[in-house]
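This report describes helix packing, nonpolar cores and local backbone features in a structural model. The sequence and structure are shown first.

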Amino acid sequence: MRRFILRRAAALLATLLFVSILVFVVVRILPGDPALLIMGTEASPEAAGRLREAMGLDRPIPVQYLEWIGRALTGDLGRSIQYDVPVGALILSRLPVTLPLTLMAGGLMILAAIPLGVFAATRHRRWGDYLTMTLSQVGVAVPGFWAGLLLVLLFSVRLGWFQSGGFDGWAQGLLPALKSLLLPAVALGLFQFAVLARTTRSAILEVLREEYVKTARAKGVAERAVLFRHTLRNAMIPVLTVAGVQLGQLMAGSIILESVFYLPGLGRLALGAITARDLPVVQGVVLFVASVIVTINVAVDVLYGLLDPRIRYE
Amino acid sequence: MSLWRVMLALALALAALVAGSPAAQAQQQAGTLVVQAAAEPPGLDMTASPATAIQNTIHYNVQESLVKLDKHGKLVPWLAERWYTTDNLNYTFFLKKGVRFHNGREMRAEDVKFVLERAMNPETKHPHRPRYLGITNIIVKDTHTVTLTLKAIDSNFLLTMARPGSVIYPREAVDTLKTAPIGTGPFTVAEWKRGDRLVLARNKDYWIKGLPRLDKVTFRFIPDPNSALAALRAGDIDVSPFGIGPENAPDLKKDPRFQVITGDTTNDVILAMNNAKAPFSDKRVRLAITHAINKDEVLKGAVFGYGKVLGSNVDPLNPYYVDLSKEKSHDPARAKKLLAEAGFPNGFDAVLKVAPQYYYTVRTGEVIVSQLAKVGIRVKMEQIEWGQWLGRVYCLPPCTSPEYDLTIIGHGEPWDINNYANPKYYFRWDNAEFQKLFKESEATLEDKKRRELYVKMQKMLAEEAPVVWLYMYPRLVAAKKGLTGLWKDLPTTALDLSEVAWQK
């Protein structure tokens, strides 16, 4: 087990290294000179040149990269160009929005998708199954930002139950804070919920076809016990894999929904930074999000190593 | 049965909990205002960044200058109660007495000297430093009098003194301008939550008695126009002051809860042509394109008929504006004739580059492409990213020659006729006669003479057609009913909230 975890951790570091190089190169070959975008249309060339120098953009890319990654390893992600504050602090200040939003969306997704998937599987090829699958098809097809807008139109504009967006911080109290994240979380989790419900359904159908389930049934084990004791645990392996990947995707998906609901989260930070060519912030946020996603994936690997000991030796 | 009842009770309790608070929030507290801002300011210092998002929120509200561009686009005395000059080279400003900065200290002539010297200092990276380099000497006469000496006569000098980069702030607060700017304005900066909101609070000691009328102003940063509209309809914001989409105006006008204010801006939307490149270097081709375009149709298609058709460069808010919109009217037959004369009886192919960052450019482009096709000019529209537009079309250094045939963009700057006197500007229009006229206008201070020159320049531009002036982008403000005191027109980038109030 220890060797298994170590191997996964090494893969994690390699992935992060690769991602960091990729991000660094990509943001540097993006068209649009950051110095010019920052200075605006009336800036003099000398002023832009000075800024370019101050930002270190006049040096070769590999040199810039080594300096950046070296400092990043000590926890220093540089300073934001547009806000003039440390990137690390900026990321930390946005986490109290994005993290709960992602977790809430993920929680809602899992809480709704797994029971619904089980429900559909146990009513295989009956109306309950068809209805669930049609609904989830809609969930897959509807883009999150559009769902978000529809939710706002219904629950904020028409009914007035929720505010149309924004986040007033945790200081306003736990319940109001959670409430202001509820609509965006639903919109964010919708797509992943639909995918997970479908995955759960097919995973269970798959397991129900296995010999040991048939054996259990033949032995006269009650249907409920067959489902919960024998099927669900084994079906959870593919479901867990998908859910793990999805948690990462939720974090990435928050970029658009944070704009729709004007939430001051990590996604908004990244989007604004890209528009303003605030390179240190773009790099910092991408590296951070990539670390979270890769870590979740490793955690999932380890988790199903625990669920199914055979996986460890493969 | 009892289980159902418990669940129902729980559901109702939850619904009450969830639905309870917004009703209370929706009730308008007296004296507070929530304003939508599409872009977040990248800092709060107008003397360090030219971003209009800073000017939108801070200028006039938090920081003020000696001279102000008022709601009619006129220069009026502000922190300076008057000034005089005998030779148009030495300006003596008499400052208002008893004006206090937000830190309680009185504003003095020393502050003016400090602020202007800092603007000229290359170390401070003032974004508009060149505008101040004509000042050769600053002498503090007494606590409330300061004399500035210019190198040469500059008819735009007072305008420069009214610009966002000329705001007066106290020397002792210079280090915190970026995050907590201090000035003399009707509001103070109370809180800035990056990515979320900027809160301004009433300056109790404002030098104009009775102002401001509001106790608190919250700018919420809502980038998505659909979200902004929903927020307005849901009652989460009170006013969307920087332009709602023209397509939304008719609906909002019908809604009894809202008012839509339409006004003028200094934003001239143009179809620019690369005058250095054939066939646009030929005046006949440029005129043919002008005649081929039906501007009324463009106005309808692009901005739902709001705004005004233009015929030359000066915007309707400028005191020297002359209406030349009927000058080179829609005349496809004439356009074809001109094209034939220029050697293109069968028209030609061209590429129109637009940046979808400003969505009106795409909508305008679609109309124009179809209109030009009718006289045989086959235009392909290409959408490019804003950074590329700035680098290639607008040709910011290191670019040396602009890469485009046609492009559409709004020029928002007031008093920007100087661009046509600059042969290096991305139009690449080089006309010695115009350059002479402009130079003369800069050195002319007498209003009547100056107006004559401006009229002459506008007519000449209409005649030479270096670009096609399409329309003035409209100012469209949506606000809750009962909100008063918003400026109708927008002659400057500032959103002056000092007189805004809720009707009782």
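## Packing of α10 and α12 in chain A

In this predicted model, helix α10 of chain A (residues 223–260) and α12(A) approach each other with their axes within 9 Å, crossing at roughly 175 degrees. An angle over 145 degrees counts as roughly antiparallel, and α10(A) and α12(A) are therefore roughly antiparallel to each other.

On the α10(A) side, the contact involves A:R233, A:I237, A:L240, A:T241, A:G244, A:V245, A:L247, A:G248 and A:M251. Their partners in α12(A) are A:F288, A:V289, A:V292, A:I293, A:I296, A:N297, A:V300, A:L303, A:Y304 and A:L307. By class, the residues of this contact between α10(A) and α12(A) comprise 14 nonpolar, four polar and one charged.

The residues in contact are A:M251, A:I255, A:E258 and A:S259 from α10(A), and A:L266, A:G267, A:R268 and A:L271 from α11(A). Four nonpolar, two polar and two charged residues make up the contact of α10(A) with α11(A).

The loop between α10 and α11 of chain A contains A:Y262. Although A:Y262 is not a glycine, its phi is positive, at about 30 degrees. A:Y262 counts as buried because its relative accessibility is 1%.

## Overall organisation of chain A

Chain A has 12 helices and zero strands. Its C-alpha atoms fill a box of roughly 85 × 55 × 35 Å along the principal axes. Of its 314 residues, 49% count as buried. Among the contacts in chain A between residues at least 6 apart in sequence, 73% join residues at least 24 apart.

## Nonpolar cores

The largest nonpolar core has 98 residues, and B:F93, B:F219 and B:L497 are those with the most contacts inside it. Helix α12 of chain A (residues 279–307) supplies the largest share of this core, 10 residues. Apart from it lies another core, of 44 residues, which includes A:L232, A:A243, A:L257 and B:A230. In soluble globular proteins, nonpolar side chains tend to be buried together.

Beyond its neighbours within four places in sequence, B:F219 is in contact with B:V35, B:A37, B:T57, B:N61, B:D196, B:R197, B:L198, B:L200, B:L495 and B:L497.

## Surroundings of B:L79

B:L79 is found in the loop between β3 (75–77) and β4 (80–84) of chain B. Its relative accessible area is 0%, so B:L79 is buried. When neighbours within four places in sequence are left aside, B:L79 is in contact with B:E64, B:S65, B:L66, B:L95, B:K96, B:V99, B:M107, B:I168, B:T184 and B:W207. The C-alpha atoms of B:L79 and B:V167 are separated by 9.7 Å, and these two residues are 88 residues apart along the chain.

## Disulfide in chain B

Over all chains, the count of disulfides is one. This bond is formed by B:C395 and B:C399, whose sulfur atoms are 1.9 Å apart. The torsion about the S-S bond of B:C395 and B:C399 is about -95 degrees, and the disulfide is therefore left-handed.

The two cysteines fall into separate accessibility classes: B:C395 counts as buried, at 11% relative accessibility, whereas B:C399 counts as partly exposed, at 22%.

## Backbone features in chain B

Most residues other than glycine have a negative phi, and most peptide bonds are trans. B:A465 is not a glycine, yet has a positive phi of about 50 degrees. The position of B:A465 is in the loop between α13 (447–464) and β18 (467–472) of chain B. With a relative accessible area of 1%, B:A465 is buried.

The peptide bond from B:L211 to B:P212 is cis, with omega near -10 degrees. B:P212 lies in the loop between β9 (197–202) and β10 (216–221) of chain B. Another cis peptide bond joins B:A278 and B:P279, with omega about 0 degrees. B:P279 is placed in the loop between β13 (268–273) and α7 (283–292) of chain B.

Conventions: Residues are numbered from 1 along each chain as its sequence is written. Chains are lettered from A and ligands numbered from 1 in the order in which they are written. This is a predicted model: local features need pLDDT of at least 70, side-chain atom pairs count only at pLDDT 80 or more; totals for chains, interfaces and linings use all residues. Side-chain values use heavy atoms; hydrogens and water are left out. A nonpolar core is a set of buried Ala, Val, Leu, Ile, Met, Phe, Trp, Tyr and Cys residues joined through side-chain atoms within 4.5 Å. Buried means under 20% relative accessible area, exposed over 50%, partly exposed in between (1.4 Å probe, protein chains only). Helices (H or I, at least four residues) and strands (E, at least two) are DSSP runs, numbered from the N terminus. Contact means heavy atoms within 4.5 Å. Axes are lines fitted to C-alpha atoms, for helices over the stretch in contact, and angles run from 0 to 180 degrees between N-to-C directions. Angles under 35 degrees count as roughly parallel, over 145 as roughly antiparallel, 65 to 115 as roughly perpendicular and the rest as oblique. Ala, Val, Leu, Ile, Met, Phe, Trp, Tyr, Cys and Pro count as nonpolar, Asp, Glu, Lys and Arg as charged, and the others, Gly among them, as polar. A disulfide is a pair of cysteine sulfur atoms within 2.5 Å.
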